[in-house]
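Good morning, colleagues. Please bring up the model on your screens, and I shall take you through a few points of its geometry.

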Amino acid sequence: MVDQHAAAMKPPALPTTPAPAACATGGWPAHVFQAGVDAPPVEWLVSDGLVAYDDAVAFMEDRVARIAAGEARELAWLVEHPPLYTAGTSAKAKDLVAPGRFPVFETGRGGQFTYHGPGQRVVYVMLDLKRRRPDVRAFVCALEDWLIGTLASFNITGERREGRVGVWVRRPEKAPLADGTMREDKVAAIGIRVRRWVSFHGVSLNVEPELEHFSGIVPCGVQGHGVASLVELGIPVTMPEVDHVLRQRFESVFGPTTRA
C-alpha cells in the first residue's frame, strides 16, 4: 500500500539523538507519538538469524528514502547482529578499548560506541515524524517510554537519567561507585538519525547477550556504570516473548502495527 502522505520537503539532515532536556513524567506512557487516524499501521518485521550490519544499513537507507517519497509504509524492523561495535557521531577513539576484538562500523546515528551481538534485540525504527510530530527530542522521549513500558511488563523498573540517553536500572546489590553513588546499569540503548523527517537506526534491548563483550568499549562513553540484561536481572525470557511485549508496548506509544 502506498503512503499518500508523500514527503515534499527536503530539509537539511537533522541532529542525531539529542539528550532529552526534560521528558515528561507521570503515568505511562508519558509520551504518545501516534500518527493521524487515517494513517496506515506501521509494518512490523522480525528477521530470523543474524543480520550483517552493512546489509541492515543498506536496507534502512533504501526504506527511509521510500518512506520519505511516499512509496513505502513506516517500519519497525527487529534483528540480531553478529558481534560488532558501532561508533556514533560522538564516538571518541579512546573509548574503543579493544580495537581488534570485533569489527567496528562507523555509523551516522547519534551517540558514541555501542555493542551489538546475539541475544540483543535491535529494533530499527523508521517512522515519518512529520505525520506524528516533527520534534526529535520528543521522539527520543517516546522511544524511552516504549522501552520503560516493555521492562515494566517483566517487573523491571527502567529509568531515565539526565545526560545519559537510554534506559537504566538501579543495582543496590552491587558495590557503589567511588563517590558513594549507587551503581546503575544500562539495559537498553538508543541511537537515531533523522533524514527528511524520517527516523532510522533505533534502539537495542539486552535480552541475553554476552555482557563481557561490552568490555571492549566504554559503552556510550559512560564511565563507572555498567550494562545489564533481562536474563542477568533474573528474568529468564526468550526472544519471542520479548518481541511480543515490545510490539504491545510499541502500539501503546506509536500506534497500530501490521505484520510485514
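In this predicted model, let us begin with a pair of helices: α3, residues 136–153, and α4, residues 239–254, whose axes come within 9 Å and cross at roughly 140 degrees. As to handedness, the crossing of α3 past α4 is right-handed.

Which residues in α3 and α4 meet? From α3 we have F139, A142, L143, D145, W146, G149, T150 and S153. Their counterparts in α4 are V245, L246, R249, F250, V253 and F254.

Three strands make up an open sheet with mixed pairing, and their order is β4-β3-β5. At the edges are β4, residues 104–106, and β5, residues 113–116, each of which pairs on one side only. On average, neighbouring strands in this sheet are turned by 25 degrees against each other, with direction ignored.

My last topic is the aromatic rings. With ring centres required to lie within 6.5 Å, the count comes to 14 aromatic pairs. One of them joins F59 and W77: the ring centres are 4.4 Å apart and the planes stand at 45 degrees, so this pair is tilted. Where do F59 and W77 lie? F59 belongs to helix α1, residues 53–68, and W77 to strand β2, residues 75–80; the pair therefore ties together parts that are 18 residues apart in sequence.

Thank you; I would be glad to take questions.

Note on methods
Residues are numbered from 1 along each chain as its sequence is written. This is a predicted model: local features need pLDDT of at least 70, side-chain atom pairs count only at pLDDT 80 or more; totals for chains, interfaces and linings use all residues. Side-chain values use heavy atoms; hydrogens and water are left out. Axes are lines fitted to C-alpha atoms, for helices over the stretch in contact, and angles run from 0 to 180 degrees between N-to-C directions. Helices (H or I, at least four residues) and strands (E, at least two) are DSSP runs, numbered from the N terminus. A crossing is left-handed if the near helix is turned anticlockwise from the far one by less than a right angle, and right-handed if clockwise. Contact means heavy atoms within 4.5 Å. Two strands pair if DSSP finds at least two bridges between them. Rings of Phe, Tyr and Trp (its six-membered ring) pair if their centres lie within 6.5 Å; planes under 30 degrees apart count as stacked, over 60 as edge-to-face and the rest as tilted.
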